[in-house]
Amino acid sequence: MDERTRLRLDVAYDGTDFSGWAAQPTRRTVAGVLVQTLDLVLGAGVATGLTVAGRTDAGVHATGQVCHLDLPTAVWRERAGRLLRRLARLLPTDVRVRAMTEVPADFDARFSATFRRYEYRVTDAPYGAEPLRRHEILAWPKPLDLAALNAAAAGLVGEHDFAAYCRRKENATTLREVTRLDWRRDPDGVLVATVQADAFCQAMVRSLVGAMLVAGDGRRPVDWPAGLLTRRARSSEVTVAPAHGLTLVAVGYPADPAEYAHRAELTRRLRVPTES
């Protein structure tokens, strides 16, 4: 069997015209476009095992997505110096491979990850979102109070069963540890929620945002989002925030590459993450 080299790909994309990450036979997806372009550059089936850190939903963007794949070592050695620019010429303009890095064979973009970090952008300006940013910012129809948003967020930090905020998948846990959840208002007035966790179950991030927004505009008390954590099934009271405001901005990995395999083993044992 030919020797193979594992590569880490750092990927950014505008999710507007994608039906999410995962390949689908009849839909345009990020994985589908990447595989199609790699096949065009390298030959069909030369790149194998494309695996992503977080399977984003339709309409969700990424500036810090990570995936891995395997190439025959001889192909990588021959093409390494020019492969990134070749992909840049052939990929559509709404997806970019920003870096390709050789990594140990036990690096797993999905299971070796220690955290995923998302940002969600909202404007409460009376005129809505700026036209050039309408694909990444949600226009909210009511004024939002930053202090109330942060008070609502504080109760959601920590390890909890987020069943009320997840689309449950059979045999998958909804226990997650949120290590960061806070809001800021940028100088342009846009409100940005930053949420970081070891992993996210499907629709969790946008559900959390949806719950915090109704606390931020005064329609719910600030302790209402945290109060839902006592529920063991998805809450019909929570509205999932629209996809276009959400961006995956970073995925973390152990600083020591020798820890990749251990982290992957631990993650597989604890849960099977299904990103949102």
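I start with burial: buried means under 20% relative accessible area, exposed over 50%, and partly exposed in between, with a 1.4 Å probe and protein chains only. By that rule I log Cys67 as buried, because its relative accessible area is 0%.

A note on my ground rules: this is a predicted model, where local features need pLDDT of at least 70, side-chain atom pairs count only at pLDDT 80 or more, and totals for chains, interfaces and linings use all residues. Residues are numbered from 1 along each chain as its sequence is written, and side-chain values use heavy atoms, with hydrogens and water left out.

Next, how many disulfides does the rule give? I take a disulfide as a pair of cysteine sulfur atoms within 2.5 Å, and the count comes to 1. The pair is Cys166 and Cys201, with sulfur atoms 1.6 Å apart. It links distant parts of the chain, 35 residues apart: Cys166 is in the loop between strands S7 (158-161) and S8 (175-185), and Cys201 in the loop between strand S9 (191-197) and helix H5 (204-216). My helices (H or I, at least four residues) and strands (E, at least two) are DSSP runs, numbered from the N terminus. Cys166 counts as buried because its relative accessibility is 1%; Cys201 does too, at 4%.

On to H5: 13 of its 13 residues are buried, so this helix is largely enclosed by the rest of the structure. Just after H5, I find Gly218 with a positive phi of about 90 degrees.

Last, His262 sits in helix H7 (residues 260-270). I mark His262 as partly exposed, because its relative accessibility is 45%.
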